[in-house]
Every structure is written in C-alpha cells, then in structure tokens.
Amino acid sequence: MPNIPFTERNSDISNMTFNTLSAMVRHSVQEFASKIAFTMYEGEDVTYAEAGRRIAKVQQTLLEAGLRAGDKVALLSRNTPNWGICYFAVTTAGMVAVPILPDFSGEELEMIIEHSEAKALLVSDKLFTRLSKKTVERLNVVVRTKNLGVISQRVRGEGATAEPQPDDLAVIIYTSGTTSRPKGVMLTHRALCAQVDLASSIFPVRPDDVFLSVLPLSHTYECSIGMIYPFSMGARVTYLDRPPTASALMPALRNVRPTVMLIVPLIIEKIYRHQVLAKFNSTALWRGLYRIGFMRRYFHRVAGKKLMKLFGRRLRFLGIGGSKLDSAAEKFLLEAKVPYAIGYGLTETAPLLAGAAPSMVRLGSTGPQAPGVELRLENINAATRQGEIVARTPSAMLGYYKNPEATGEVFTPDGWFRTGDLGEFDKDGWLYIKGRLKNMIVGPSGENIYPEDIESVLNSHVCIADSIVTEHEGRLVALVHFNSDEIEAMLHDWRAEWATKKEALEAKTEQLRKEIKEFVNAKVNRFSRISEVVEEKDEFVKTPTHKIKRFLYSGKKQQPEQETSAPTAPEGPQR
C-alpha cells in the first residue's frame, strides 16, 4: 500500500510553506477536504478529499506493477481533474512524472517515452491510439486517465514508494524547441514548491478563488501557476473539455465566472482585433474618433466593461504569458482597466522569473524580478543598454535529462541560468523583454533588430493571421499568412470589377502587400523597416506549443510571382 496517507490528518504540518509536493498535497487534502478542488465544465466535481483517495488509488496501481520510487511515469492526457490527480500520485510517491504535450507527433511521443525511460503511462483514450504496440509493450502498466482503470499490464510485482526530499527529482518536462529536438527539463520538488511562494508574493490566491483553465496542463506555466498553486491554497479549478474557441469559451465564462484565468497572448489578441479594433475600423467616422487620444481611452473603457461582463464580472487576475503580447492589445487592456498582468519565465525555471500584480502593470513590461529571484544582464550593448537575461532562482532546473552538453551551455560559470532572451531594465528595475537572442538580426550599421517587435506590428493588422520576419541578402522580408475570413469579407466589394474570384483575390492580395508594408514601416524605427511582404499560403509549421519553427523560414527568398490561392486561418489557441 502507499505509505503517504492523504486522507489522514497530520498535525505536524502547521505552516503554508512547503519544500515537497508531498507535504503540500497532504496539507491541502486534509485542510480543505470538503471543498471542491477540480471541476470538469458541465461534468464532475472532485473534492480535495476525493482527490486524496484517487491519488492513493493510482499509487496502488503503480505499486502492483512493480514501480518504485525514482521510476519515471509518463502522463499523456488532455486537461481533466484526473490529470492533476495522476501528476500528484506520481510525484508524492517519490516517482518522477513526465508530462507530455498532447500536440507532439506520434514519433515524438514515442521518443520521449523511450528517452525518459518511463515504466508506466497514464493516458487518455484518444491519445493512447497514437502509440505503437511496441511502445505499449515496453511499459509495466498503462492506466486510463478517464476512470483510472488499467488498460494493459505487463509486469506484476510489489513496488515501493518513498517520502520525497526537497532536492529529489519530481518531473521531467520535454520542451518543444523551435530549433532542436525536445530536451527534458529536470525540476525538483523544491523548485516547484518555490513557485507557490513566488506566485503568492505577487498575487495571493484565496480559498474562494475559481480558476478557469484553458491551457494544456503539460505546459509548466499552467501546471505550476494554474494547478499546483491553487491546489496549495484550497482554490477551485474548472477545466474545459474542448479547445478554447470563441464558441466554447464564451458560455464557459458566463457559467464559471472565474476570478483567475491564465491565457496566452493570442486569445486576448483575437478578442481585441475582432471585437474591438474591427468595430473602430468599420467606418471613416469611427477611425477618425479612434485616433483622438481621450476618445480612444473612453471607447476602451466602455469596451472593457463589456469584456468584464463577458468574463462574469468576478475576474480579478488575468495572467498572460507564453509569448510577446501585441502592444496595441496591451494598451487596450490597460486603458480598459482589465485586471491583467504579464509574467515572464521559462520551462527551465518552473517557470516564473518576473511579474507584477494588475494594479502595478506598466505598458510593455513584465514587471520586476519576482521576490526570491535575482536577474542580471550579460554582454550588454552600451548603446541600447540591452543584454542577455540570466537568472538565479530557487526554481532553476537541475539540467537537461541525459544531456550534459546542453546543460553546460545554459549555465554561467557561477551557476546562473542563461535565458537566451534579450532585455533591459528601467531605473526602477522593471524588466522589458526585447526578443530571443538567437532571433536577433544585426543591421547593416550594427543595429540590433528584433523580429518579434516587427511581427507584433504585423500581427496587429486585421488581415494577418500570423507572420515571421527574416533577413534575406541584407533586407528584411516579412512572411505573412493572411486571415482568410477577413480577405473573404473584403472580396465581396471587389468581385464586380473582376471576371473571376481568383482575379479579385490576386488583385486584393497585391494591394494588401503594399498596404501592409506601409502600415508596418510607419510604426517601426528606420532600421526595422521591411523591404518586402511575401504571402505564405500555408500555415506556418509550428511546435506543439504553437510557436513558429523559425529555422524553417530563415533567409527564405521572396516569391512575389507565386500564384495566389485562398489563405486559411490557423488553428489552436496558442502560437
């Protein structure tokens, strides 16, 4: 039987600071037993006491398959209450959880399971069908996350749990890098528990808070801040059983009425472009009024009240992270008085490094370093005051699993983690992220050009679904994937002038290229101006976390003579 009694009161735990997930989970199960921990939208509620019972059940299944403390257990599932239960069952037994992004390809899934040396798999039904028979047969046991029943069991034996120690390995999280094969980030119990202290020092969560979770739990961002943190505080998390499209998200917001929600920029950018900006671009009168500062602020405030109503009028923290937020969308949030905050961190730091409460946000900044975290800049450019951000944090990874070479490259000689991000601090110590070091383009006169800044302007255009800026023969080229819905809407007025839809589309696309070039170049500095806009007819190839695989497009030649076809819109909530 498991040796961690989650349903028995333990009076030795008297404070809210923990160094292991085992101590944290034990405390929450006991302290908040009758409260609801997890809810499936339009489905079951799971109390903290019931979570403790299910944790024990999963542990028993693993033990009967011969697993012992230190063994790896892969977790491959969409978001459900049982995702967190499985995660806690593994980590609190002294085993190592390997959460896997559902969007990895079948080949990548099998590579991760093999590379991590996982002996068991906790999996949802749909994702189980993507695995080969060979992979399944290598595992001691496969458990269904839907009902925690056994799908297959190859080994029967007597395993053993152990009480985890703070510096014991808790999880291995495989990143979805844009330029390389996935690397396994090793995080300890201490690193993950430190995130609770970091997050609570920035924005305290209360037992009566209700989270609406729409990002994959296999992301460190959602797992640490959106699951572990609220569980430690006795709060409630509700999960959607479908992608957060507008048709799915709107009724959920009305019914759940969350007080806390974590999102990626693309979600709020879509709301801003299609619900706010589209309205103010609809007529010449609206466009003229919108250009007047005090009128724009007034319109934003009115729109903000409508947005808060949409969220259920209880929202007090909208956390945004994962990639750069469009500056125009952020200005809207700020002027609309939406309680948002932008955090900064990486998987390798579990993830939080910097952040601020909604009452303290500054446009374009992620806030100051989090309490307990130290940040500094290396290789600073004297002219721009920008350098690579390096961090010393209690949440730093141990390294990349079975990859000492890559581990050595990301730590300084004095043990600080190299983020690979370029940033600068203002006089008050507030951090501003400029872009990825490896993405930076050096201009003809030595200027630092950040593609992400230009892409932010490009993506604010209503007709662009996604973009990437590359350098070709010393010139900046913008590759853009058009928003098909917006293009189709515009074609209605053009078709009368052209014999076919194809001719109208080609003419409109050519006009858009010129308009977009002028639109961008009017908003960026002189050396960041683009020379050409090229249509990318197919969606950009992306990682499982929906970031564009830049290396596939680096230095790509322009193709102005290509025949134009109807563009398609990207899928998924992230980029």
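User: What is the bridge partner of F425 in β21?

Analyst: In this predicted model, F425 has L431 as its bridge partner in β21. F425 belongs to strand β20, residues 417-425.

User: What makes β20 and β21 a pair?

Analyst: Two strands pair if DSSP finds at least two bridges between them. β20 and β21 have 5 bridges, in the antiparallel sense. They count as paired, therefore.

User: Which strands make up the open sheet, and in what order?

Analyst: The sheet has 4 strands, in the order β17-β18-β20-β21, and the pairing is antiparallel.

User: Why are β17 and β21 called edge strands?

Analyst: Each of them pairs on one side only. β17 covers 374-381, and β21 covers 431-436. On average, neighbouring strands of this sheet are turned by 45° against each other, direction ignored.

User: How do you know that β17 and β18 pair?

Analyst: The cut-off is at least two bridges. β17 and β18 (residues 386-392) have 6 bridges, antiparallel in sense. One place to look is N381, which stands opposite Q386 in β18. The two strands form a hairpin with 4 residues between them. There R385 takes a positive phi near 65°.

User: Why is G159 called buried?

Analyst: Buried means under 20% relative accessible area. G159 has 16% relative accessibility, so G159 counts as buried. G159 sits in the loop between β7 (150-153) and β8 (169-174).

User: What is G159 in contact with, leaving aside its neighbours within four places in sequence?

Analyst: The contacts are L63, G66, L67 and R68. Contact here means heavy atoms within 4.5 Å. The C-alpha atoms of G159 and E64 are separated by 6.3 Å, although these residues are 95 apart along the chain.

User: Is D197 buried, partly exposed or exposed, and why?

Analyst: Partly exposed lies between the buried limit of 20% and the exposed limit of 50%. D197 has 31% relative accessibility, so D197 counts as partly exposed. D197 lies in helix α7, residues 189-202. The C-alpha atoms of D197 and P371 are 8.6 Å apart, with 174 residues separating the two along the chain.

User: How do you know that the reach of α10 is close to the one expected?

Analyst: The expected span is 1.5 Å times one less than the number of residues. Helix α10, residues 265-280, has 16 residues, and the expected value is 22 Å. From first C-alpha to last, α10 reaches 21 Å, close to that value.

User: Where does α10 bend?

Analyst: α10 bends at R273, by about 35°. R273 is also one of the buried residues of α10. Others on that list include P265, L266, Y272 and F280.

User: What describes the chain as a whole?

Analyst: The chain has 17 helices and 26 strands. Of its 575 residues, 57% count as buried. The chain exposes about 24,300 Å², and carbon and sulfur atoms supply 51% of that area. Take the contacts between residues at least 6 apart in sequence: 67% of them join residues at least 24 apart.

Conventions. Residues are numbered from 1 along each chain as its sequence is written. This is a predicted model: local features need pLDDT of at least 70, side-chain atom pairs count only at pLDDT 80 or more; totals for chains, interfaces and linings use all residues. Side-chain values use heavy atoms; hydrogens and water are left out. Axes are lines fitted to C-alpha atoms, for helices over the stretch in contact, and angles run from 0 to 180 degrees between N-to-C directions. The bend at a residue is the angle between axes fitted to the seven residues ending there and the seven starting there. Buried means under 20% relative accessible area, exposed over 50%, partly exposed in between (1.4 Å probe, protein chains only). Accessible areas come from the Shrake-Rupley method with a 1.4 Å probe; for residues, only the protein chains shown count as cover.
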